[in-house]
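Below is a short briefing on a structure with its chains, their contact and the core. Please read it alongside the sequence.

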Amino acid sequence: MSHNQFKVGTAEPDLDGDVTVSISNLSDVTVTSPSAGQVLEWSGSAWTNQAVSGGTAQFMLVGQGESNAYSNATTATNITDGATLYLYDTSPVNTISGATISKVGSTDWVQSVTLPAGNYIMMATYAVEFSATGDMSFHFQDSSNNVISGLGAIGENLTAIENSSGYIQSYRQFSSSTTVKLCCELPDNVDTVANQGNTPSEQSSIMFWKV
Amino acid sequence: MTHLMKSINTNTPNRAGDITLNTSDIDTLSPSSGDLLGVDASGDFAITQKGAATLPIAFSADLRNTSWSGTANYYVNFPLDYRNASATIYNDGTVTPSKGIYNNWTGTWQLGAGEYIVHARWSSRSNASGRILFRLYNTTDSTYHGNYTRLGKGRASCTVHAYLNLSGTKSFQFRVTDYTSQVQYMTRNYLPAVHVKFYRLS
């Protein structure tokens with residue numbers, strides 16, 4: 001059987017019977033608000049237009065030097081062993097597709113981030129005020145409280161962890177979505193939350209590179 | 001002139017005259033989720049994969065200084081700098097380093113438009129009680145970026161994280177924002193270690 005009135009996908013012939021078919025007329029292609037430089041990516045059921053991803057590393061940065069009192073992050077009196085270490089950022093940078101950032105209530109204090117499955121370099125620098133000569137370690141842990149990074153240590157009395165790095169730079173492979181937070185370990189003479197002032201806000205930062 | 005439509009790539013029209021055509025009717029494709037649609041050398045559709053994630057370095061300096069004959073102390077707005085050591089410096093040609101305060105020392109970096117991640121560490125000898133804070137400073141626009149970084153007493157991390165989205169060419173320094181007591185500046189025989197990296201995102 002043949003026809004002289006036909007459509008190809010959604011493309012219809014003009015008065016001369018000519019049909020101009022574009023890629024979006026194909027039944028398995030869905031193009032929405034295209035822009036230059038995009039590509040067609042298979043969603044599992046259709047080719048859809050997407051920004052090019054994968055060519056540039058995706059990353060997240062939380063903690064960019066803004067000022068806010070640490071007492072706005074927590075009602076706790078002290079920073080204790082195992083306590084979450086919060087980071088302040090009104091405009092964290094997040095280009096990791098599917099990653100989310102969790103803040104405390106309506107504040108801009110970040111308590112955790114959730115990273116989709118993948119491979120990551122995780123970095124952290126943190127600062128607190130001490131009431132006397134002391135030290136504090138910190139590490140990343142997941143929602144099951146598993147330690148998932150190396151240890152960073154700051155302070156002036158590092159007898160227990162002499163010569164530890166003051167910085168975390170760890171590589172981790174996540175097979176599924178993982179919630180990550182920075183936690184305190186073995187604080188010694190860390191000053192009270194009320195006396196932390198803006199130090200954790202101004203001098204702390206975490207960064208994740210998806211590699 | 002018009003023609004009767006019989007088929008397109010073996011797809012025949014239905015009773016209404018409509019032909020459903022998809023990419024696999026044009027070229028044989030068996031995509032998996034996340035695959036991209038590209039073309040091959042013949043111009044036909046072809047499945048392609050995303051490129052590996054990369055984070056190219058625009059500029060990197062990893063070095064220990066040799067010596068410093070000055071006696072100056074840190075002060076607010078002092079730009080941290082290091083003695084040039086070209087063997088340990090990589091520059092893709094887009095970053096223009098220049099002096100901070102002293103000739104033959106580097107302390108200013110000019111970056112072109114684009115997005116960057118800045119990752120830098122600095123260490124230096126201080127006296128028993130001194131410490132400084134420093135921060136990445138845009139000297140073109142007079143704006144600070146990234147976390148304040150502590151150096152000196154207290155074994156701090158001494159690491160800068162910053163993100164830059166530049167609309168045009170800008171110059172940057174690592175400037176001292178505060179200090180306690182007197183901090184000696186890169187004294188002879190106390191060799192400061194410097195790591196400065198600008199990664200280009202776009």
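Of the 202 residues in chain B, 33% are buried, a buried residue being one with 20 or more other C-beta atoms, placed from the backbone, within 10 Å of its own C-beta atom. This is a predicted model, in which local features need pLDDT of at least 70, side-chain atom pairs count only at pLDDT 80 or more, and totals for chains, interfaces and linings use all residues. Residues are numbered from 1 along each chain as its sequence is written, with chains lettered from A and ligands numbered from 1 in the order in which they are written.

Chain B
- Chain B has 1 helix and 14 strands, taken as DSSP runs (helices H or I, at least four residues; strands E, at least two) numbered from the N terminus.

Interface
- In chain A, 51 residues are in contact with 46 residues of chain B, contact meaning C-beta atoms, placed from the backbone, within 7 Å.
- Elements giving two or more residues to the chain A side include β5 (58-62) and β15 (205-210) of chain A.
- β1(A) pairs with strand β1 (residues 18-19) of chain B in the parallel sense over 2 bridges, where pairing requires at least two DSSP bridges.
- K7(A) is opposite D18(B) in β1(B).

Core
- The largest nonpolar core has 72 residues, and those touching the most other members include F59(A), A124(A) and V118(B); such a core is a set of buried Ala, Val, Leu, Ile, Met, Phe, Trp, Tyr and Cys residues joined through C-beta atoms within 7 Å.
- Strand β10 (residues 131-138) of chain B gives the most to this core, with 5 residues.

Definitions and conventions
Contact = placed C-beta atoms within 7 Å. Buried ≥ 20, exposed ≤ 12 C-beta atoms within 10 Å, placed from the backbone.
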